[in-house]
Amino acid sequence: MTAQLTAAQLAELRADLELLVAELGEQLQRLDEDSKPVELDQQMVGRLSRMDAMQQQQMATANAAHIKAHLNRVRLALAAMDSGEFGYCRQCDEIIAWPRLKARPDSPLCVACQQLNEN
């Protein structure tokens, strides 16, 4: 059963999660161009420019990995919502407070467990 959330709160969180899916998908599309292999033709690009392009490509690849992980968390939250398990901490099984869910609807942990994991 979904945590003690009203139907309106669940609908609001579902809309937030679906918006996140769309936004993260758009970010991945934009990063796709930046993470393509760097052209190594010395006639086209000087050595420093090529190194800069390679660094930008590496940063874009790292950003894409971060966005994919976030997108996965959002999809897991939507699946939990569909299965009725949304709103419970995956570590302690306690209810995740509404303010936390509103701020981070994809959060799988309550504030207390998140703080324990960060320390």
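Predicted model: local features only at pLDDT ≥ 70, side-chain atom pairs only at ≥ 80, totals over all residues.

Q: Got it. Which contact joins the side chains of Asp106 and Arg73?

A: A polar contact, at 3.5 Å. The side chain of Asp106 also makes a polar contact with the side chain of His70, at 3.2 Å.

Q: And where does Asp106 lie?

A: Asp106 is found in the loop between α3 and α4.

Q: Is Asp106 buried or exposed, and why?

A: Asp106 counts as buried because its relative accessibility is 4%, and buried means under 20%.

Q: What else is Asp106 in contact with?

A: If we leave aside the neighbours within four places in sequence, Asp106 is in contact with Leu17, Leu20, His70, Arg73, Val74 and Ala77.

Q: Let's zoom out. How many helices and strands are there in the protein?

A: There are four helices and zero strands. Starting at the N terminus, the elements run α-α-α-α.

Q: How much of the protein do buried residues make up?

A: Buried residues account for 29% of the 119 residues. As for the surface, the protein exposes about 8100 Å², and carbon and sulfur atoms supply 52% of that.

Q: What about contacts between residues some way apart in sequence?

A: Take the contacts between residues at least 6 apart in sequence: 59% of them join residues at least 24 apart.

Q: Can you give me some pairs that are separated along the chain, with their distances in space?

A: Arg104 and Leu13 are 91 residues apart along the chain, and their C-alpha atoms are separated by 9.3 Å. Ala103 and Asp16 are 87 residues apart in sequence, with 9.7 Å from C-alpha to C-alpha. Ala15 and Pro105 are 90 residues apart in sequence and 10.0 Å apart in space, again C-alpha to C-alpha.

Q: Where do Arg104, Ala103 and Ala15 sit?

A: Arg104 is in the loop between α3 (98-103) and α4 (111-118). Ala103 lies in helix α3, while Ala15 is in helix α1, residues 7-34.

Q: Why does Ala103 count as exposed?

A: Because the relative accessibility of Ala103 is 59%, and exposed means over 50%. Arg104 is partly exposed, with a relative accessible area of 38%. Ala15 counts as partly exposed too, at 43% relative accessibility.

Q: New topic: how much space lies in the largest pocket?

A: About 210 Å³. Of the 16 residues that line the largest pocket, the closest to its centre are Ala80, Glu85, Tyr88, Arg90 and Pro108.

Q: What does the lining look like by class?

A: The lining of the largest pocket has eight nonpolar, three polar and five charged residues.

Q: How does one find empty space like that, anyway?

A: Rolling a probe the size of a water molecule over the atoms shows where empty space is left.

Q: Last one: what is the phi of Asp93?

A: It is near 65 degrees, which is a positive value in a residue other than glycine.

Q: And where is Asp93, and is it buried or exposed?

A: Asp93 is in the loop between α2 (47-83) and α3. Asp93 is exposed, with a relative accessible area of 59%.

Key. Residues numbered from 1 in each chain as written. Heavy atoms only, no water. Helix = DSSP H or I, 4+ residues; strand = E, 2+ residues; numbered from the N terminus. Buried < 20%, exposed > 50% of the residue type's maximum accessible area, 1.4 Å probe, protein only. 1 Å grid on protein atoms, 1.4 Å probe; cavity = no way out; pocket = protein on both sides within 12 Å on 5 of 7 lines; lining within 4 Å. Points joined across faces, edges and corners; volume = space filled by probe spheres on them. Nonpolar A, V, L, I, M, F, W, Y, C, P; charged D, E, K, R; others polar. Contact = heavy atoms within 4.5 Å. Areas by Shrake-Rupley, 256 points an atom, 1.4 Å probe, with all protein chains shown as cover. Polar contact = N/O pair within 3.5 Å; in protein donor to acceptor, adjacent residues only side chain to side chain.
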